[in-house]
Amino acid sequence: MAGFKTLDDIDAVSGKRVLVRVDLNVPVADGEVTDATRIERIAPTISELSGKGAKVILLAHFGRPKDGPSAEFSLEPIARATADVLGRPVGFAADCIGDKAASAVAAMKDGDILLLENTRFYKAEEKNEPAFTEKLAANGDIYVNDAFSAAHRAHASTEGLAHRLPAYAGRAMQAELDALEKGLGDPVRPVVAIVGGAKVSTKIDLLMNLVKKVDALVIGGGMANTFLAARGTDVGKSLCEHDLASTAKQIMIEAAEAGCAIILPADGVVAREFKAGAASETVAIEAVPADGMILDVGEKTVKTVTDWIDRAATLVWNGPLGAFEIEPFDHATVAAAKHAAARTKEGKLVSVAGGGDTVAALNHAGVADDFTYVSTAGGAFLEWMEGKPLPGVEVLKR
């Protein structure tokens, strides 16, 4: 973290109003938070600042409100869930700017924690309007960004505030940046990347960047079919973007020029219908039936993938190898995930994974806690893997 300002760079926070941008965009059903993972990630930063006597003022968005304030997108229920995770009271202000926010902040004692209402109730938040940013800044002396997941957006609360107040990375942001540096920034080699998912079209930039940075790229999921078809393999009725054949060929050319091995399936688990327990068979990838769909990779490919994991010192993972949501087409993803987790626990592998489907797949395999780092950042993680600068991170550089 030598390149970024962190909480370790703040002289003292006692009595200071610290605006902390956090990610509280958590799943809520019937007014109750159903998954507190993101709250748990930010707890160390909040507890540390509060413990040092700061007045901790939380800024966050929730959902995509279109017409100003609404009960549906209020953060008030999440204030209660945050208090439960922290084990201490968390106040709530019914606005993020103006008199309601100012009054709530003025009433705070040292060490208190306050959550302000959804920043996206104002369109000026996403437009990063200077006047709105100034109103947010009026409630703070110091700004801390602990929301890597929102760092790819140049919004008032994620980027604008860093230009108006002394700005630092929180502990969750710091952990994310440390992990990403180990993954692709300055990794121990060899580096292997596993990229899966349905479509090449959503990950062109990602693949183009990775082939220049990793030693081997394993391509799985539906997107592998596009590469196989571009190579002349008949993939039957499998999900395939035939119109992207030239793009797939260009990626393979650039990989060859960069010395990056491209690993495609050698066999596949094929079914005639996409449903749990559907009759399936494993065939060589050149022998996919005309009426068959490739829904997972076969044992031969799993062996190849685990062999590459054994060679790797660093593994970066985004996307499943097959349709892991439905048995038995979760086998390859689970097997590879468990193998990577075991290597990580043995101290032989740095494993960094991220993306919604990836997190779900690792949880499904029961190994998310055994990876070096699993990012819950979604779009920000993907843009980082694509090699794009993230506005909310760039402003925290020394």
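Two residues are in contact when heavy atoms of each lie within 4.5 Å. In this predicted model, Pro65 touches Phe73, Asn118, Arg120 and Phe121, leaving aside residues up to four places away in sequence. Pro65 is found in the loop between strand β4 (55-59) and helix α2 (76-86). A residue is buried when its relative accessible area is under 20%; Pro65, at 11% relative accessibility, therefore counts as buried. Between the C-alpha atoms of Pro65 and Gly170 the separation is 26 Å, and the two residues are 105 residues apart along the chain.

An open sheet of 6 strands is present, with parallel pairing and the order β11-β10-β9-β15-β16-β17. Strands β11 (261-263) and β17 (373-375) stand at the edges; each has a single partner strand, so one side of each is without a neighbour in the sheet. From one strand to the next, the twist averages 15 degrees. Strand β10 (residues 216-219) runs parallel to β11 and is joined to it by 3 bridges. Leu217 has Ile262 of β11 as its bridge partner. Helix α6 (residues 171-185) packs on the sheet, where it touches β9 (191-195), β15 (314-318), β16 (350-354) and β17. The direction of α6 makes about 110 degrees with that of β17.

The largest nonpolar core has 70 residues, of which Phe148, Leu210 and Leu217 touch the most other members. Helix α8 (residues 221-230) gives the most to this core, with 5 residues. Leu210 touches Leu184, Ala193, Val195, Leu217 and Met385, again not counting residues up to four places away in sequence. Another core, of 32 residues, lies apart from the largest one, and its members include Val13, Val20, Ala83 and Leu115.

Helix α10 (residues 299-311) has 13 residues. From its first C-alpha to its last, α10 reaches 18 Å, close to the 18 Å expected at 1.5 Å a residue. The buried residues in α10 are Thr301, Val302, Val305, Thr306, Trp308 and Ile309. Seen down the axis of α10, these buried residues fall within an arc of 155 degrees, so they line one face of the helix. An α-helix has 3.6 residues a turn, so residues three or four places apart point the same way. The face of α10 turned away from the buried side carries the exposed residues Lys300 and Arg311. Among the elements that cover the buried residues of α10 are β9, β10, β11, β12 (267-271), β14 (293-297) and α11 (331-345).

Technical notes
Residues are numbered from 1 along each chain as its sequence is written. This is a predicted model: local features need pLDDT of at least 70, side-chain atom pairs count only at pLDDT 80 or more; totals for chains, interfaces and linings use all residues. Side-chain values use heavy atoms; hydrogens and water are left out. Two strands pair if DSSP finds at least two bridges between them. Helices (H or I, at least four residues) and strands (E, at least two) are DSSP runs, numbered from the N terminus. Axes are lines fitted to C-alpha atoms, for helices over the stretch in contact, and angles run from 0 to 180 degrees between N-to-C directions. A nonpolar core is a set of buried Ala, Val, Leu, Ile, Met, Phe, Trp, Tyr and Cys residues joined through side-chain atoms within 4.5 Å. Buried means under 20% relative accessible area, exposed over 50%, partly exposed in between (1.4 Å probe, protein chains only). The expected span of a helix is 1.5 Å times one less than its number of residues. The arc is that of the directions from the helix axis to the C-beta atoms.
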